[in-house]
Amino acid sequence: MKRARRSAEKAGVSLSEWEGEFLDSVSERVKTHGRAFGDPELGAPGQALSSMQGRKLKEITAKANGEEPKRRWGRKAPPPKADD
């Protein structure tokens with residue numbers, strides 16, 4: 001989480017207010033409780049982040065590295081067919 005924030009700052013990428021709060025709150029919960037989620041069904045045993053928290057952290061890291069966000073749902077619409 002610290003690495004994602006530092007990468008964003010170094011690259012000059014501004015994180016949204018929500019992303020900054022997310023990184024702060026997750027970091028604090030990991031320091032205090034050893035993991036950032038309460039329901040053991042949300043993440044694997046021994047993991048600090050739930051699967052959704054891990055996904056969001058990857059998105060923030062990708063944003064910090066200047067990568068385009070990946071589509072999560074569905075496919076792109078096929079190109080229109082040319083009339084013959």
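Tutor: Happy to! Let's begin in helix α3, where Lys56 and Glu59 are 3 residues apart, so about one helical turn separates them. Helices here are DSSP runs (H or I, at least four residues; strands are E, at least two), numbered from the N terminus. Lys56 and Glu59 form a salt bridge, with their closest N and O atoms 3.3 Å apart. The term means a side-chain nitrogen of Lys or Arg within 4 Å of a carboxyl oxygen of Asp or Glu.

A word on the model: it is predicted, local features need pLDDT of at least 70, side-chain atom pairs count only at pLDDT 80 or more, and totals for chains, interfaces and linings use all residues. Residues are numbered from 1 along each chain as its sequence is written, and side-chain values use heavy atoms, leaving out hydrogens and water.

Back to Glu59: its relative accessible area is 26%, which makes Glu59 partly exposed. Buried means under 20%, exposed over 50%, and partly exposed lies in between (1.4 Å probe, protein chains only).

The structure holds 3 salt bridges, so let's visit the others. Lys63 pairs with Glu19, their closest N and O atoms being 2.9 Å apart. This pair joins distant parts of the chain: Lys63 sits in helix α3 (residues 51–64) and Glu19 in helix α2, 44 residues apart.

Next, the side chains of Arg5 and Asp24 meet in a salt bridge at 2.7 Å, N to O. Here too distant parts are linked, with Arg5 in helix α1 and Asp24 in helix α2 (residues 17–33), 19 residues apart. Arg5 counts as partly exposed at 25% relative accessibility, and so does Asp24 at 47%.

Now step back to the whole protein. It has 3 helices and 0 strands, running α-α-α from the N terminus. Of its 84 residues, 23% are buried. Among contacts (heavy atoms within 4.5 Å) with a separation of 6 or more, 49% are between residues 24 or more positions apart.

Helix α1 also carries Arg6, which is exposed, with a relative accessible area of 54%.
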